[in-house]
Amino acid sequence: MKPNIYLTTTQAQSGKGLLLLGLMEWLTRRSHRVAVFRPIVSDPLEEDRFLRLAVERYNISEDIHSLYGCTLEKAKELITNGREKHLQEIIIDRFKTLEKHHDSILCIGTDFRFATAALELDFNIQVARN
């Protein structure tokens, strides 16, 4: 079984960046083919700070557009239209595509920008379970 890790917190600004560095150090010592993944990003053209940190520090060669599941705008649209299951499917499909080419993936949960903290934590738990 591949050692994939899902990193999330219960609120914004809680030290995910520091945890990302520690977990990536551990994963890169176990394997050479390690990637990061975000289920939702604010804007694919605006570099995500966690993705940028991991890509630069650990020389991840994938196009940044392959390292996330969905944009925040698209996620809000799907949730508003009652299509949460479809959102989950999009994220899982993109994760599985990335997983085919890597020994380990560190999935970094959402930044608590699109829902209340309780709903967003529940979302992160659902993604991690799948």
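Visitor: Quick one first. Ser31: buried or exposed?

Guide: Ser31 is buried, as its relative accessible area is 8%. Buried means under 20% relative accessible area, exposed means over 50%, and partly exposed lies in between (1.4 Å probe, protein chains only).

Visitor: What am I looking at, and how was it handled?

Guide: This is a predicted model, where local features need pLDDT of at least 70, side-chain atom pairs count only at pLDDT 80 or more, and totals for chains, interfaces and linings use all residues. Residues are numbered from 1 along each chain as its sequence is written, and side-chain values use heavy atoms, with hydrogens and water left out.

Visitor: Back to Ser31. Where does it sit?

Guide: Ser31 lies in the loop between H1 and E2. Helices (H or I, at least four residues) and strands (E, at least two) are DSSP runs, numbered from the N terminus.

Visitor: What does the side chain of Ser31 reach?

Guide: The backbone nitrogen of Arg33, at 3.2 Å.

Visitor: How accessible are Asp103 and Arg33?

Guide: Asp103 counts as partly exposed because its relative accessibility is 27%. Arg33 is also partly exposed, at 42%.

Visitor: How many salt bridges does the structure hold?

Guide: Six. One joins the side chains of Arg57 and Glu25 at 2.7 Å, N to O. Arg57 is in helix H2 and Glu25 in helix H1, 32 residues apart. Glu25, Arg29 and Arg57 are linked in a network of salt bridges. Arg57 is partly exposed, with 47% relative accessibility.

Visitor: What about Arg38 and Asp48? How do their side chains meet?

Guide: In a salt bridge at 2.8 Å, N to O. Arg38 is in strand E2, while Asp48 is in the loop between E2 and H2. Arg38 counts as buried because its relative accessibility is 0%. Asp48 is buried too, at 11%.

Visitor: New topic. How many residues are in the largest nonpolar core?

Guide: The count is 31, and those with the most contacts inside it include Leu20, Met24, Phe37 and Ile91. A nonpolar core is a set of buried Ala, Val, Leu, Ile, Met, Phe, Trp, Tyr and Cys residues joined through side-chain atoms within 4.5 Å.

Visitor: Which element gives the most to this core?

Guide: E2, with six residues.

Visitor: Tell me about Phe37. What does it touch?

Guide: Among the residues Phe37 touches are Tyr68, Gly69, Ile91, Phe95, Leu98 and Leu106, with residues up to four places away in sequence not counted.

Visitor: Last one. Where is Gly109 found?

Guide: Gly109 is in the loop between E4 and helix H5 (117-129). Gly109 counts as buried, at 0% relative accessibility. The C-alpha atoms of Gly109 and Pro39 are separated by 6.5 Å, though the two residues are 70 residues apart along the chain.

Definitions and conventions
Contact means heavy atoms within 4.5 Å. A polar contact is a pair of N or O atoms within 3.5 Å; within protein, one must be able to donate a hydrogen and the other to accept it, and residues adjacent in sequence count only if both atoms are side-chain atoms. A salt bridge is a side-chain nitrogen of Lys or Arg within 4 Å of a carboxyl oxygen of Asp or Glu.
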